[in-house]
Amino acid sequence: MEIQSNFSLKKYNTFGIEASAKKFVAVHSIAELKTVLAENKNEKKFILGGGSNMLLTKDIDALVIHIDLKGKKITKEDDDFVWVESQAGETWHDFVLYTIDNNFGGLENMSLIPGNVGTTPVQNIGAYGTEIKDTFVSCEAMNIETQEMKTFDNAECNFGYRESIFKHEVKDQYIITSVIFKLTKRNHKINTSYGDILAELAKNNITEPTLKDVSNAVIAIRQSKLPDPKELGNSGSFFKNPILLKSDFEKIHQKFPEMKFYEVSETEIKVPAGWLIEQAGFKGKRFGDAGVHKNQALVLVNYGNATGQEILAVSKEVQKTVFETFGIQIEAEVNVI
């Protein structure tokens with residue numbers, strides 16, 4: 001374990017922003033993490049996972065601890081279910097493919113989401129009708145102050161739409177080190193009802209899809225809409241889809257009858273932020289090296305040398321125009337640092 005100074009974070013954030021860490025260390029085990037935390041008690045700390053859900057707008061004046069814990073194993077199983085534990089540093093998509101290769105069901109709709117396993121509960125990531133909370137059993141986390149381990153079960157995590165206890169009540173207090181998921185071994189609940197999955201399956205003449213078929217469909221859809229961060233800096237969806245009270249939505253819908261929407265509950269309606277941004281005229285728009293992706297208006301991109309501040313300025317302009325046009329506030333899903 002070597003602590004490095006003035007370390008470039010360009011390769012450690014999917015936006016490809018040039019920013020540096022005052023100090024940087026990668027940890028590969030619980031013991032190393034414990035040592036780093038114990039020996040640097042008075043240092044300001046910044047915990048870094050896959051770097052996929054953040055926008056760096058400045059250098060990090062702290063000790064950046066990169067969580068690079070690897071490994072996965074089955075902890076329990078019966079005839080119908082399997083409990084699989086993944087270490088926090090595993091790449092999410094690789095882990096999803098591992099579960100599909102073993103015919104374990106539950107994560108296939110979340111294929112190709114960037115980032116690492118350890119940060120998935122923080123955001124309660126989701127896609128195409130599924131969320132982490134649907135299969136999440138528990139996670140192990142280390143208390144930054146005391147280095148004691150704690151288990152958080154599903155109920156304790158207070159999962160909501162892109163929300164959890166780790167973004168609020170215990171923010172900056174714990175580092176997630178591993179996550180356990182309960183997945184199906186048979187009688188899989190194949191979910192093809194959301195987005196373009198059915199159309200993609202029909203295109204390939206698939207009427208009885210397997211887990212692999214659903215995963216392949218999701219991958220094809222995402223690749224057609226979303227840029228590969230290795231080729232074009234981005235952080236996936238930059239904005240959350242706004243959820244409105246039905247009474248508020250109905251007033252707006254009268255003015256904009258063509259507005260897309262989904263019912264969330266009897267009282268709430270979700271509006272696709274991508275549709276709002278596209279209608280506001282931003283899809284494919286470029287501001288220097290920062291811009292809005294041409295295929296998916298939810299995604300902000302770095303065409304090469306954009307700074308975090310420039311991308312942030314684009315996001316604020318998008319939010320302002322959407323509010324002025326529709327009277328709807330859209331919030332950033334990405335953490336702005």
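Which residues does UniProt list for "domain: FAD-binding PCMH-type"? The unreviewed entry gives residues 17-186; UniProt positions follow the numbering used here, feature names are shortened, and annotations may be inferred rather than shown by experiment. The model is predicted, and local features need pLDDT of at least 70, side-chain atom pairs count only at pLDDT 80 or more, and totals for chains, interfaces and linings use all residues. Residues are numbered from 1 along each chain as its sequence is written, and side-chain values use heavy atoms, with hydrogens and water left out.

The span 17-186 is 14% helix and 37% strand, and its end C-alpha atoms lie 43 Å apart. Helices (H or I, at least four residues) and strands (E, at least two) are DSSP runs, numbered from the N terminus.

An open sheet is formed by five strands in the order β6-β7-β12-β10-β11, with antiparallel pairing; two strands pair if DSSP finds at least two bridges between them. The edge strands, each pairing on one side only, are β6 (72-77) and β11 (149-153). From one strand to the next, the twist averages 25°. Axes are lines fitted to C-alpha atoms, for helices over the stretch in contact, and angles run from 0 to 180 degrees between N-to-C directions. Strands β6 and β7 (residues 81-87) run antiparallel and are joined by five bridges, and I74 stands opposite V84 in β7. Helix α1 (residues 30-39) packs on the sheet and touches β10 (136-143), β11 and β12 (174-184). The direction of α1 makes about 40° with that of β10. Contact here means heavy atoms within 4.5 Å.

N124 is located in the loop between α3 (120-123) and β8 (126-127). N124 counts as buried because its relative accessibility is 0%; buried means under 20% relative accessible area, exposed over 50%, and partly exposed in between (1.4 Å probe, protein chains only). A polar atom of the N124 side chain lies 2.7 Å from the backbone oxygen of G160, and a polar atom of this side chain lies 3.3 Å from the backbone nitrogen of I132. Leaving aside neighbours within four places in sequence, the contacts of N124 include E131, K133, F159, R162 and E163.

K283 lies in the loop between α7 (273-279) and β17 (286-287). With a relative accessible area of 34%, K283 is partly exposed. K283 and A297 are 14 residues apart in sequence, and their C-alpha atoms are 4.9 Å apart. Not counting residues up to four places away in sequence, K283 touches I277, E278, V292, H293, K294, N295, Q296 and A297.

Terms used
Polar contact = N/O pair within 3.5 Å; in protein donor to acceptor, adjacent residues only side chain to side chain.
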